[in-house]
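Here is my notebook from a first look around this structure.

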Amino acid sequence: MSPPNPATAPGATPDQPANPSGAPASPSKNAAADRRPPAQPTRAPNGSAGPATPSAKKPRTPTSPNRAATPATPSPTDTKPAPAEPADAKPVVGESADAKPADAKPADAKPADAKPADAKPADAKPADAKPADAGPVKSKDGKAEPGEIRSVAEQGEGTLAPGTAAEDPGKLAVVVSSTATTVEPATTAEPATAAPGADKPGADKPEVDKPEVDKPGADREVSGPRGPWWRRALHLVTHPRELRRRTREDVTGEPGTDLPAWATTRSRLSIRSSPVGRPEAGPRGRALPALAAAPLAAVSGTAMVAAFPPYNLWWLAPLAVAALAVATAGQRIRRGAWLGALHGVAFFVPLLRWTGIYVGPAPWLILALFEALFLALLGAAAAGSSRVVARWPIVAAPVTASLWVTEEALRSRLPWGGFPWGRIAFAQDGSPLLHLASLGGAPLVTFAAALLGGLVAAALWPPHPRRGQLPVLRAVTLVVLAGALGAGALLVPLPLATGASVTVAVVQGNVPRLGLDFNSQRRAVLDNHVKATLALAARVDTGKVARPDLVIWPENASDIDPLQNEDAKQLISEAADRIGVPILVGAVLDGPGRYVSNAGIVWKPGTGPGERYVKQHPVPFAEYIPLRSLARKVSAKVDLVRRDFAKGHDPGVLTLGPATAGDVICFEVAYDGLVRDTVLAGANLLVVQTNNATFGKSAESAQQLAMVRLRAIEHGRPAVMASTSGVSATVDASGRVLDESELFTQATFVRELQLGRGRTLAANLAYWPEVVLVLPAVGALVAAGLLTWRRRRRGHPGPARLP
């Protein structure tokens, strides 16, 4: 309800004009008119006070917006003039600064224009209309006390408790508004001398500056502690009662809170809570305070690490997604970015520790921090889309899942071709969600796992909860839906290879010692693989094992170019002739030009080298140095890569006896398109050649094997992983590991595999599942931007924050 019209004071008679200064008018000659009952203020249909008969005396206390003004009967004997109002008087809460009666006349009107006191009410024109209750706070007898200041808030009954500034003349008065905060020196009300002729009708009154009010009915004056923002924020943390006193005005702008101004205005902490201590729902939904959101984001990153090999606690991945979703829900974009970055650091620093075993901590930490930037973008996007999620809670889980797919899509492509290590899909080794890989590949597996997390987050932290307790029915429904999604994934049949049988031999020759000393080990590594193959041929000749149809050597089995070095060529040809089947040799070739090439060469018995595949995605800062001069300042180990590796351009489809192998080298198994291209080109057997000797006895090999399992299910093809020092393995088309070697041992195993035939839905759809799964995130961000734009266009302020 709007306050009464300040230009109309109760108790005015039709024969007298209103006296804005508060001084009683001279007694009228018509005694009967002076004894008339006081006029009641007229109300407009909308509840606000409309124009009424001017009053001869204003009330001593301000009128509450929720109450009607109490009229005061004028006393004919009270002729003592009231002190004039100071020029800097401020209006009391609920009064409009520019309110004037419709027939008010400017302050500079000449005395000759004034009407006599007994004129008709229609001709009455006050000299200068002013809010009836503006001015200093008055004492009980209605007089202004020296030293009093406007430093009190409006109470529930519409009265003001005066405060004094006699002890501290420099005390600040804080004017609190729902949209702005103004800090200005407190003003002391002093008695003013009435202007000559102030007690006469129609006399000129001194002109008074009218204060500007941001929003009628929303301003009040309170005093609070001074100091930097962090001190005031610390005060919030150490005074929980003041946090509990916060009401909905902090979010909606509605009046009614009695929290100090320094706690309801702009805050970098953005802590919003209801009167009972629960987080309050605003335009972006509920938001955790920073002191709770930050640890939750860090814990979610640590939990995500445990979902990956060697821990294999795959069910922690959805819970980590849920924890980060709760931490970022309702937050501002900047804080969401920091929370996402905190999750990324807690995740990538331990996950990628194997990258710094022999090159030092600097490259490892730089890589981890750089990858954490993508999680920062995820956190910012999650916070930015909170406005949409709060408005339509049903989209909370799909948007959360889509944001994770989007983050992984960007990280797998940017920069320098991206680095997709650590995708949620690669943590689902042993999860029923891995079955979904045959339908939509790694993006669909990530989406399903993140969707589970989004459902759990929505159950634990709904954007707009009911008042009181948590809606148990809704929470149970969402948890049951999450369980049904996981169980439903088991209904998706695993692909079965229905092609011809092929016997594959995998040779892991091992390395003489750990480290990065390639030059001194390269001949020893070649000799180890030749000797292991000759030993396998001997067992085949004695009938201990079946003769294989093809033999797979790992990446870097021959760092000596066998096409130019006769000694290396001789050794490989001897091994192929003895085993009697083609060998896929991983070799480093000289050329083209100043480059070298990481290649897989088909070496046939009797004829020697044939088809080859050149690695299409060399690893930046490992196989080529993009910013060599800058990278050298970080680590001198970059000079071990004397020549950059060239980039191949054709998919690795090679004919190996009865099989058509789809060859990818090392980290290429993490890239969806490189593996899919081999299958679309006709490969019926997946081959991964890798060299993990430079990563020591870390979890890198186990994490890479989890990727091989996913690729086998995704394309319905058996897969072979050959490593110089382990782990080497064979996997069937359903993702089941058949053989697995130990780290840093020499191992050889022979396995009969069923070749794949036909294509899975994931292979036929190619990259389209990823495109479709990214659309909810893009749509949510666009919708959030439109909602914010519309809100600002309509002039709705956002939630208040401390400065």
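I began by looking up which residues C666 touches beyond its neighbours within four places in sequence, and found contacts (heavy atoms within 4.5 Å) with E555, K615, V688, Q689, T690 and Q704. A note on the source: this is a predicted model, where local features need pLDDT of at least 70 and side-chain atom pairs count only at pLDDT 80 or more, while totals for chains, interfaces and linings use all residues. Residues are numbered from 1 along each chain as its sequence is written, and side-chain values use heavy atoms, with hydrogens and water left out.

Next I checked where C666 sits: in the loop between β12 and α17. Helices (H or I, at least four residues) and strands (E, at least two) are DSSP runs, numbered from the N terminus. I found C666 buried, at 6% relative accessible area. My cut-offs here are under 20% for buried, over 50% for exposed and partly exposed in between, with a 1.4 Å probe and protein chains only. I also looked up P554, which is 112 residues away from C666 in sequence but 9.2 Å away in space, C-alpha to C-alpha.

Then I turned to the rings. I describe a pair of aromatic rings by the distance of the centres and the angle of the planes. Rings of Phe, Tyr and Trp (its six-membered ring) pair if their centres lie within 6.5 Å; planes under 30 degrees apart are stacked, over 60 edge-to-face, and the rest tilted. By this rule I count twelve aromatic pairs. F370 and F374 are edge-to-face, because their planes stand at 80°, with 6.0 Å between the ring centres. Both belong to helix α9 (residues 361–384), four residues apart, about one turn of the helix. I noted F370 as partly exposed at 34% relative accessible area, whereas F374 is buried at 10%.

F667 and F695 make a stacked pair, 6.2 Å centre to centre with 15° between the planes. F667 is in the loop between β12 (659–665) and α17 (672–680), and F695 in the loop between β13 (685–690) and α18 (700–715), so the pair ties together parts 28 residues apart in sequence. Both F667 and F695 are buried.

My last stop was V771, which I found in helix α20. Is V771 buried or partly exposed? At 35% relative accessibility, V771 is partly exposed.
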